[in-house]
Each structure stands twice: as C-alpha cells, then as structure tokens.
Amino acid sequence: RARLEALSDHSGKLQLSLQEIIDWLTVKDEELSEQLPFTGDISAVQRYNEFHSTFMEDVKIKGPFILATLESAQAFLSQHPLEETEESTPDKDMSPKQRIQNLSRFIWKQANVSSEMWEKLSARCIDRHRHIGRTMERLLELQNAMEGLSLALDQGEAVRDSWEPVGDLFIDSLQEHIDATKVFKDEVGAVKDGMKIANDLAHQLAISDVHLSTDNAHRLEEVTSRWKILQTSIEERLKQLQDAHHDFGPGSQHFLSTSVQIPWER
C-alpha cells in the first residue's frame, strides 16, 4: 500500500508537469497563429521578426523542462508498462495492479499529446523563421525593383515631356525623329522586364499569404500605370511622325508638288 501511495504521488506530480506543458504549448501555438497573415511591408516584417526571435527564445528556454518531463514519463512507463487490456473504470475495489495501469494509461496519453505538440511547435517555429526570411528577401527585391522602375520612368517621362509638337518640326527632320523615337521605344522596352519582376514578386508574396501593404500596393499600381501611359505616348508619337512623314516627307504628293514650283511660288 505504501508503495502504491508513493507511486501515486510521483505519477501525480508527473501528470501536473505534463498538463502544464500541454497548457503552455497550447498558448504558444495560438500566439504563433495570431501573427498571420503577414503584411507586405518591410517595417512590419521586421517587427514580426523581432517578435519571433523573442518567441523562439521562450521556446528554447522551456525546451529542457519539456524534454526532461517527457523522459521522466518514458521512464515511468518503462517501469510500469501498459498491458493490452481495456481501460478500467476507477472503482474502490480496483486492485493495485489495475490502479497502476490506470496511472500508466493517463501518463501515456498526456505524454503522447505533449510530445506531438512539442514537435509541432518546434517545426512551426523553424518554418516561420524561414517564412520571415523569404518574405523579407522578396520585399527588399520588390522595393529595389520599384525604385529602379520609378527612376527609369522619371527619365522616360522627361524625354517625352521634351518632345516638340510634330507640327513644329522641319519636314526634312521627320525621319530623324522617327528613328530616334524607335530607339527610345526600344530603350523604354527594357522597363517591361522590371515590371515583370515586380509583379512576379508581388504574386509570390500573395501565394505565400503575404499581401502588400496599402502603400506598396499603391506604389506598384502607380508604376504600372505610368509605364502603360508612357508606352501609349510613344506609340502615338511614332504614329504622328510616320503619318506626317508619309503626308509631307520625300515621296509624298505634297513634297513633289511643291518641289516643282519655282522658288518664289513656294
């Protein structure tokens, strides 16, 4: 009887420790879930990273206690292994062996739950750490891409804004302007690659459940809009120049009719 009481006391302390672990792991699992989804903003992800570093430190500190308790549970179960019998209902007439079996069964259940939750939380911590790293990397790439696009568009818009109206150009300079506009179109075409990179990065973030912040989304929409407007401006400019060259340039009826006139008639 004294042995059974000592065993009950030991198992009772073990059960309390295991329940404490289960409660703590439940809270930590909820805390980790509350951080999702991430906001697609560098400063926000930096804050997530700081939180997660503190979170992982808490888990690391708790680790030895959890592992030691699970080892104690394993030692208890090794000394008092479960037998393949149906679970007994507590009863005042239960034999000492049945009581020990009940204690072992309860500890076995708690230890299994604790072990599974510990492994799950540990894996989630590692996955979250990698997720934060990948997210930060993509956001930095996106920021650099949008900065590069904004600069390229500034330069392209400056060229566009410097264009003289087609009607003010000398007829014999139309071909030169056409050639220059085609070269400019090719140069601006390189911006298309940057746009693809930026949109691909935004897509990669979205499928990993990271949605751009309002500022970043607005910025991406802005460069996309500016790019489309600049493309349209170049196409319209080129068409105007080509139409003018066709109507008034060498080989046109207007050019031929004026070239046969004597100087003062022209």
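**Rings, charges and cut-offs**

Student: What makes Phe55 count as buried?
Tutor: The relative accessible area of Phe55 is 2%, and buried means under 20%, so Phe55 is buried. Keep in mind that this is a predicted model.

Student: How many aromatic pairs does a search of the whole structure find?
Tutor: The search turns up three aromatic pairs.

Student: Take Phe38 and Tyr48, then. Why is that pair called stacked?
Tutor: Check the centres, then the planes. The ring centres of Phe38 and Tyr48 lie 4.4 Å apart, and rings pair within 6.5 Å. Their planes stand at 15°, while stacked takes planes under 30 degrees apart, so the label is stacked.

Student: And what parts does this pair tie together?
Tutor: Phe38 sits in strand E1 (residues 38-40) and Tyr48 in helix H2 (residues 42-79), so the pair joins parts that are ten residues apart in sequence.

Student: Are Phe38 and Tyr48 buried or exposed?
Tutor: Phe38 has a relative accessible area of 3% and Tyr48 one of 15%. The cut-off for buried is under 20%, so Phe38 is buried and Tyr48 is buried too.

Student: Why is the pair of Phe51 and Phe55 called tilted?
Tutor: Their centres are 5.8 Å apart, within 6.5 Å, so they pair. The planes are at 35°; stacked needs under 30 degrees and edge-to-face over 60, so tilted is what remains. Both residues lie in helix H2, four residues apart, about one turn of the helix.

Student: What makes Phe51 partly exposed?
Tutor: Phe51 comes out at 29% relative accessible area.

Student: On to charges. How do you know that Lys28 and Glu31 form a salt bridge?
Tutor: The closest N and O atoms of Lys28 and Glu31 are 3.3 Å apart, and the limit is within 4 Å, so the pair qualifies. Both are in helix H1 (residues 2-34), three residues apart, about one turn of the helix.

Student: Which is buried and which is partly exposed, Lys28 or Glu31?
Tutor: Lys28, at 8%, is buried. Glu31, at 25%, counts as partly exposed.

Student: What about Asp58 and Lys28: how far apart are their closest N and O atoms?
Tutor: The value for Asp58 and Lys28 is 3.4 Å, and they form a salt bridge. This pair links distant parts of the chain, with Asp58 in helix H2 and Lys28 in helix H1, 30 residues apart. Together, Lys28, Glu31 and Asp58 are linked in a network of salt bridges.

Student: Why does the pair of Arg124 and Asp29 count as a salt bridge?
Tutor: N to O, the side chains of Arg124 and Asp29 are 2.6 Å apart, which falls within 4 Å, so they meet the criterion. Arg124 is in helix H3 (residues 96-161) and Asp29 in helix H1, so the pair ties together parts 95 residues apart in sequence. Asp29 is buried, at 18%.

Student: How many salt bridges does the structure hold?
Tutor: There are eleven salt bridges.

Student: Last one: what makes Arg226 buried?
Tutor: Arg226, in helix H6 (residues 214-248), has 15% relative accessibility. That is under 20%, so Arg226 counts as buried. Its side chain makes a polar contact with the side chain of Glu157 at 2.8 Å.

Methods: Residues numbered from 1 in each chain as written. Predicted model: local features only at pLDDT ≥ 70, side-chain atom pairs only at ≥ 80, totals over all residues. Heavy atoms only, no water. Phe/Tyr/Trp six-rings, centres within 6.5 Å; stacked < 30°, edge-to-face > 60°. Helix = DSSP H or I, 4+ residues; strand = E, 2+ residues; numbered from the N terminus. Buried < 20%, exposed > 50% of the residue type's maximum accessible area, 1.4 Å probe, protein only. Polar contact = N/O pair within 3.5 Å; in protein donor to acceptor, adjacent residues only side chain to side chain.
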